[in-house]
Amino acid sequence: AEALADMGFMVVAYDPRGRGESEGEEDANGALGQRDLAELLRWVAARPDVDPQRVVLFSRSFGAALASGALGRFSDLKVRAWVDYEGPGWMEEDLAHASDQNQETFAAIVDQQPDSDLWWDDREPAGWISNVNVDYYRVQGVPDHALGEWMGHAEAMVGGATSASSVWFNNHLITQPLTADQLRDLAISGGVEPGNNYITNTIISIMK
């Protein structure tokens, strides 16, 4: 955020309810959090110092559930593009390639839900991507910050983004469905940003 601000961008970063300094109950990037993000995007677009045609939504990791759900549920949102940094595709499937800690964390949450299928459906980025009609950019390295050599999530997201105005994968314009192996060839070798695997907050960047 600071680097973007230094380049002349306005950046809004927030804590979803139940995290950081935000009050409320943690929603684990579900429908409630997606509605909150949609309201935040409306607030940003309505600011007098913002051009609503130049709003870019950036998400990292599981933040893709918030971004995809907000953009997929609410067609009125004024967003120029969505940048997805190594977000999951079909999360329930992708978890098989994640660490034991991540699998145990999600299993514990899902076990407490009255309807586990509905819980997953609300949070599956690949389930929402076909409803997203803004430019879609995927930033992906190998190994993935959380899923190692797995590329199924990238295949699901890039292949499912058919309704987007354009689909870009690591600065390559994608005009036809690609396999996981083809996407692996285009991935950034050595990964993108090794380090903290748990940053999921969504950042809204407003280009000046």
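**View 1. Lining of the largest cavity.** The lining of the largest cavity has three nonpolar, three polar and four charged residues. Here Ala, Val, Leu, Ile, Met, Phe, Trp, Tyr, Cys and Pro count as nonpolar, Asp, Glu, Lys and Arg as charged, and the others, Gly among them, as polar. The model is predicted: local features need pLDDT of at least 70, side-chain atom pairs count only at pLDDT 80 or more, and totals for chains, interfaces and linings use all residues. Residues are numbered from 1 along each chain as its sequence is written, and side-chain values use heavy atoms, without hydrogens or water. The lining residues are Pro 16, Arg 17, Arg 19, Glu 26, Asp 27, Ala 28, Asn 29, Gly 30, Gly 33 and Leu 66. The space inside is about 40 Å³. Across the whole structure, the search finds one cavity of 30 Å³ or more. A cavity is a set of points on a 1 Å grid over the protein atoms alone where a 1.4 Å probe fits but cannot get out; lining residues have an atom within 4 Å of a point. Grid points are joined across faces, edges and corners, and the volume is the space filled by probe spheres set on the points.

**View 2. Two residues with positive phi.** Ala 28, one of the cavity-lining residues, has phi near 55°. Ala 28 sits in the loop between β1 (10-13) and α2 (31-46); helices (H or I, at least four residues) and strands (E, at least two) are DSSP runs, numbered from the N terminus. Its relative accessible area is 14%, so Ala 28 is buried (under 20% relative accessible area, with a 1.4 Å probe and protein chains only). Ser 61 also has a positive phi, about 55°. Ser 61 belongs to the loop between β2 and α3. At 9% relative accessible area, Ser 61 is buried. Most residues other than glycine have a negative phi.

View 3. Strand β2 (residues 55-60) is largely enclosed by the rest of the structure, because five of its six residues are buried. β2 runs parallel to strand β3 (residues 81-85), joined by five bridges; pairing requires at least two DSSP bridges between the strands. Leu 57 has Trp 82 as its bridge partner, and Phe 58 has Val 83. From β2 the chain passes through helix α3 (residues 63-73) to β3 in a right-handed β-α-β crossover. Right-handed means that, with the strands pointing away from the viewer, the path from the first strand over the helix to the second runs clockwise. β3 is buried on both faces, with Ala 81, Val 83 and Tyr 85 on one side and Trp 82 and Asp 84 on the other. Five parallel bridges pair β3 with strand β4 (residues 135-139). One of these partners is Asp 135 in β4, facing Ala 81 across the bridge.

**View 4. Two nonpolar cores.** The largest nonpolar core has 38 residues. A core is a set of buried Ala, Val, Leu, Ile, Met, Phe, Trp, Tyr and Cys residues joined through side-chain atoms within 4.5 Å. Leu 57, Leu 71, Trp 82 and Tyr 136 have the most contacts inside this core. α2, β2, α3, α8, β6 (167-169) and α9 (180-186) each supply at least two of its residues. A second, separate core has 11 residues, including Phe 62, Trp 119, Trp 120 and Leu 147.

**View 5. A cis peptide bond.** Val 142 and Pro 143 are joined by a cis peptide bond, with omega about 5°. Pro 143 lies in the loop between β5 (141-142) and α8 (152-160).

Definitions and conventions. Buried means under 20% relative accessible area, exposed over 50%, partly exposed in between (1.4 Å probe, protein chains only). On a 1 Å grid over the protein atoms alone, a cavity is a set of points where a 1.4 Å probe fits but cannot get out, and a pocket is an open set with protein on both sides within 12 Å along at least five of seven lines; lining residues have an atom within 4 Å of a point.
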